[in-house]
Each structure stands twice: as C-alpha cells, then as structure tokens.
Amino acid sequence: MLHPPLPFSLRPMQLADLQAVATIDRLSYPTPTRESLFHHELSENKMAHYQTLAVRKTIVGFAGYWLIGDEVHVSTIAIHPDWRGQHLGELLFLDILLSAYQHPACLVTLEVRRSNSVAQALYEKYELVVVGERRGYYRDTGEDALLMTVTPLDGRYHQFLINQQTTLFAHLQTEA
Ligand SMILES: CC(C)(COP(=O)(O)OP(=O)(O)OC[C@H]1O[C@@H](n2cnc3c(N)ncnc32)[C@H](O)[C@@H]1OP(=O)(O)O)[C@@H](O)C(=O)NCCC(=O)NCCS
C-alpha cells in the first residue's frame with residue numbers, strides 16, 4: 001500500500017469505516033451500494049481488497065478490487081465531492097495498479113458508465129483502453145458499461161507507474 005505525503009494516508013478498509021464509506025458512496029453513485037454488501041465484501045469475500053483514503057483522520061475516499069484468477073477487477077472508486085479534483089482519486093487508483101504487482105496478476109479491468117467521462121479520463125491517463133461494452137449493464141439507469149483494461153502488467157508499465165507516483169506525490173506535497 002502506498003504511503004503518500006501527510007496528511008494523506010491509505011489503509012485497508014475496516015467495518016468501523018462503513019458509515020463514512022456509505023456517506024461518500026451515496027454522494028457518488030446514482031444508486032447507493034447496500035451497506036450489507038460492503039459488510040459482505042469485508043467479512044466474507046476472500047477475493048475482495050478495499051482501502052480507504054483519509055486526510056488526517058477524516059475518510060475522504062475509498063476504492064476496492066477483486067482478485068479473480070490473474071485479473072484485478074476494480075469494483076469501486078469514489079472521492080467525497082468536496083475533495084475531488086485534487087489528485088486523490090488518482091492516488092487510490094494508482095494504489096490499486098501498483099497492488100496488482102503484489103499478485104500473480106496480468107491485467108486490470110473495470111466497467112465504467114458510458115457517460116462517466118471524468119472516470120474514463122482518469123483510467124485513460126493510466127493507459128486503460130476500452131476493449132468492449134456491456135449493453136444495459138447498469139440496472140438502475142439502463143446505461144451501458146464500457147469495459148476498460150490495461151495489460152500486460154510488465155516492467156515498462158511498472159516504471160510508468162513509479163514515475164506517475166513521483167509526480168503525484170510532488171503534487172500532494174504542494175497541496176498539503
Ligand atoms: C472518478 C473520481 C474517483 C475521480 O477522482 P478525483 O479525485 O476527482 O480525480 P483526480 O483529481 O484524482 O483526477 C485524476 C485524473 O482524472 C481526470 N479528471 C478528474 N477530474 C476531471 C474533470 N472534472 N474533467 C475531466 N477529467 C477529470 C483527469 O485525467 C485527472 O488527471 P489530471 O488532473 O492530470 O488531468 C471522482 O470523480 C468520483 O468519486 N466520482 C464519482 C464516483 C465514480 O464515478 N467512480 C468511478 C466509477 S467507474
């Protein structure tokens with residue numbers, strides 16, 4: 001897990017974080033995630049890895065992924081609206097991408113709403129490309145999902161991530 005400059009910190013999500021996480025989730029998605037689902041992810045899903053991002057002691061974002069075979073599948077990523085546009089979503093995403101190297105993973109995948117150009121820009125910045133679409137994937141709005149992926153997770157991409165981390169930490173240092 002990355003150790004960004006203070007006052008920012010990342011750590012594995014705990015059950016005690018769920019109230020703060022649910023608040024951010026509600027402010028971030030058209031249909032909030034059921035709290036019982038987060039509960040299941042943290043307590044029972046062995047494939048699930050979730051982390052929270054705090055500024056001092058306040059949780060301002062979270063992200064999660066499932067490790068499915070050799071695939072890291074990003075399940076969620078959200079930043080509190082008051083904290084967006086300050087490279088914090090990028091910090092969470094970079095943390096997942098670097099975590100992929102701790103597993104025998106060879107690709108990172110995710111689904112994103114077709115209309116979610118902000119998230120797509122973040123993923124494209126990290127070289128994910130659209131490889132498919134799932135029609136009507138989101139049951140709440142009927143919107144299509146774009147399937148995005150980056151592969152291979154090779155030495156070149158790792159070096160790219162390290163360079164991005166250096167730039168990102170310099171930004172965060174300035175913003176702190
Ligand atoms: C997607 C989300 C996590 C991005 O977090 P964020 O902290 O606001 O984004 P960052 O400040 O880290 O920006 C990182 C990159 O994302 C893109 N980005 C961020 N805000 C953007 C905007 N308003 N317009 C276009 N691109 C934007 C840019 O590529 C940016 O890099 P740059 O600053 O070098 O141009 C955040 O908007 C969010 O929580 N959205 C609601 C939940 C959601 O849609 N999650 C994704 C589900 S697939």
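**View 1. Strands S3 and S4 pair in the antiparallel sense over 8 bridges.** Two strands count as paired if DSSP finds at least two bridges between them. Helices (H or I, at least four residues) and strands (E, at least two) are DSSP runs, numbered from the N terminus. Gly64 has Thr76 in S4 as its bridge partner. Strands of a sheet pair through backbone hydrogen bonds, either parallel or antiparallel. This is a predicted model: local features need pLDDT of at least 70, side-chain atom pairs count only at pLDDT 80 or more, and totals for chains, interfaces and linings use all residues. Residues are numbered from 1 along each chain as its sequence is written.

**View 2. An open sheet holds 7 strands.** Their order is S1-S2-S3-S4-S5-S7-S6, and the pairing is mixed. S1 and S6 stand at the edges. Each has a single partner strand, so one side of each lacks a neighbour in the sheet. The twist from one strand to the next averages 25 degrees. Axes for such angles are lines fitted to C-alpha atoms, for helices over the stretch in contact, and angles run from 0 to 180 degrees between N-to-C directions.

**View 3. S2 is joined to S1 and to S3.** S1 (residues 8-12) and S2 run antiparallel, with 5 bridges between them. Here Arg11 has Thr52 in S2 as its bridge partner. S2 and S3 also run antiparallel, joined by 8 bridges. Ala54 stands opposite Ile59 in S3. S2 and S3 form a hairpin with 2 residues between them. Arg56, in the turn, has a positive phi of about 55 degrees.

**View 4. S7 pairs with S5 and with S6.** S5 and S7 are antiparallel over 6 bridges. Val108 has Val150 in S7 as its bridge partner. S6 (residues 129-134) and S7 are antiparallel over 5 bridges. Val130 stands opposite Met148 in S7.

**View 5. The largest nonpolar core has 32 residues.** Such a core is a set of buried Ala, Val, Leu, Ile, Met, Phe, Trp, Tyr and Cys residues joined through C-beta atoms within 7 Å. Leu53, Phe62, Leu92, Phe93 and Ile96 have the most contacts inside this core. H1 (18-28), S2 (48-55), S3 (58-68), S4 (71-79), H3 (88-99), S5 (107-113) and S7 (145-150) each supply at least two of its residues. H3 gives the most, with 7 residues. Leu53 touches Phe8, Leu10, Val60, Gly61, Phe62, Leu88, Leu91 and Leu92, not counting residues up to four places away in sequence. Contact means that two C-beta atoms, placed from the backbone, lie within 7 Å.

**View 6. Lys46 lies in the loop between H2 (35-43) and S2.** Lys46 is exposed, because 7 other C-beta atoms lie within 10 Å. A residue is buried with 20 or more other C-beta atoms within 10 Å of its own, exposed with 12 or fewer, and partly exposed in between; C-beta atoms are placed from the backbone. Lys46 and Trp66 are 20 residues apart along the chain, and their C-alpha atoms are separated by 8.6 Å.

**View 7. The ligand is surrounded by 18 residues.** The closest are Arg84, Gly89, Glu90, Ala121 and Leu122. H4 gives the largest share, 5 residues. By class, the shell has 9 nonpolar, 6 polar and 3 charged residues. Ala, Val, Leu, Ile, Met, Phe, Trp, Tyr, Cys and Pro count as nonpolar, Asp, Glu, Lys and Arg as charged, and the others, Gly among them, as polar.

Key:
A residue is near a molecule or strand if its C-beta atom, placed from the backbone, lies within 6 Å of it.
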